[in-house]
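Here is a short briefing on one chain. Look over the sequence and the model, then read on.

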Amino acid sequence: MPLQHRRGADLLDFEAGHPHTPPSIAISTRKCQTVMNPLPGDLFARRLRQERERLGISQAELARRMAALLGTNVDSTAITRIEQQTRAVRLDEAVTAAEALGVPLITLVSDNYARENEAEIQNQLAELALTEQEWERLRQKIHRITQTIQQLSAEREAFRSHALDVNPETVGDYELDPETQAALDARKRDVRNKPAGEAAGSGA
């Protein structure tokens, strides 16, 4: 194969992780990928050691605390191997290690927990502001509808009183359908039972 073509093939082999890729290059590539995009296990190992050292406790002490929480024996060499990434950590061990260190588990699998936490708080605050705006819009709509119902009820009662004076036989024309009357009465009871502040806000 021509030299320039062979070089192109070597590059493709390297980018695709071809078996012909020199082991040293492949290992270096994996290390670079780990540094750029650390896996949760890599982060956990590093953050476990950092938090343990921050508290000033030994691997043996951490193992003892975890053993007390798990109700089973935990060898200190297990902590050593986890921190050196020569042994995978089990989920129950990860949860217990965080509890033993007195930190949320998320802090042991994230380098950016503080920033992520702040970003989530900002998101929730923004969503809360939008929800409050929507709630205020709906509250005002409820207020307008309630006022309209009160006005219509007052008009109907006035017509009914007038009919009693002029032509009592037509009073029945101003009686509401039983279901509508029941719904209106229930709404009036709800308004009466509301706290003073809410009742004022609803226009009751």
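Which residues make a nonpolar surface patch of about 270 Å²? Leu-91, Val-95 and Leu-105 make it. A patch here is built from residues with over 30% relative accessible area and no salt bridge; like charges are joined within 9 Å, and nonpolar side chains (Val, Leu, Ile, Met, Phe, Trp, Tyr) within 5 Å.

This is a predicted model: local features need pLDDT of at least 70, side-chain atom pairs count only at pLDDT 80 or more, and totals for chains, interfaces and linings use all residues. Residues are numbered from 1 along each chain as its sequence is written, and side-chain values use heavy atoms, with hydrogens and water left out.

**Overall build**

- The chain has 9 helices and 0 strands. Helices (H or I, at least four residues) and strands (E, at least two) are DSSP runs, numbered from the N terminus.
- The order along the sequence is α-α-α-α-α-α-α-α-α.
- The chain has 204 residues, and 20% of them count as buried. Buried means under 20% relative accessible area, exposed over 50%, and partly exposed in between (1.4 Å probe, protein chains only).
- Accessible areas come from the Shrake-Rupley method with a 1.4 Å probe; for residues, only the protein chains shown count as cover.
- Among contacts with a separation of 6 or more, 50% come from residues 24 or more positions apart. Contact means heavy atoms within 4.5 Å.

**The nonpolar core**

- The largest nonpolar core holds 17 residues. Such a core is a set of buried Ala, Val, Leu, Ile, Met, Phe, Trp, Tyr and Cys residues joined through side-chain atoms within 4.5 Å.
- Phe-44, Leu-48, Leu-62, Met-66 and Leu-101 touch the most other members.
- Helices α3, α4, α5 and α6 each give two or more residues to this core. The most come from α6, with 5 residues.
- Leu-101 touches Leu-48, Glu-51, Arg-52, Leu-55, Ile-57, Leu-62 and Leu-108, leaving aside residues up to four places away in sequence.

- Ala-78, Ile-79, Ile-82 and Glu-83 are buried in α5. They sit on the same side of α5, because they cover an arc of only 130° around the axis. The arc is that of the directions from the helix axis to the C-beta atoms.
- Cover for the buried residues of α5 includes α3 (40–55), α4 and α6.
- Ala-78 has a relative accessible area of 8%, so this residue counts as buried.
- The C-alpha atoms of Ala-78 and Val-89 are 8.9 Å apart, and 11 residues separate the two along the chain.
- Gln-85 lies in the loop between α5 (76–83) and α6 (91–101). Just after α5, Gln-85 takes a positive phi of about 60°. Gln-85 is partly exposed, at 47% relative accessible area.

**The surface at α6**

- Leu-91, one of the patch residues, is found in helix α6.
- Is Leu-91 buried or exposed? Leu-91 counts as exposed, because its relative accessibility is 66%.

**Salt bridges**

- The count comes to 11 salt bridges. A salt bridge is a side-chain nitrogen of Lys or Arg within 4 Å of a carboxyl oxygen of Asp or Glu.
- Glu-61 and Arg-65 pair at 3.0 Å, N to O. Both lie in helix α4 (residues 59–70), 4 residues apart, about one turn of the helix. Glu-61 is partly exposed at 22% relative accessible area, and Arg-65 is partly exposed at 28%.
- An α-helix has 3.6 residues a turn, so residues three or four places apart point the same way.
- Arg-90 and Asp-92 form a salt bridge at 3.5 Å, N to O. Arg-90 is partly exposed at 46%, and Asp-92 is partly exposed at 37%.
- Arg-139 and Glu-136 meet at 2.9 Å, N to O. They are 3 residues apart in helix α7 (residues 113–166), so about one helical turn separates them. Arg-139 is partly exposed at 28%, and Glu-136 is partly exposed at 26%.
- Salt bridges that share partners also join Arg-87, Arg-90, Asp-92 and Glu-93 into one network.
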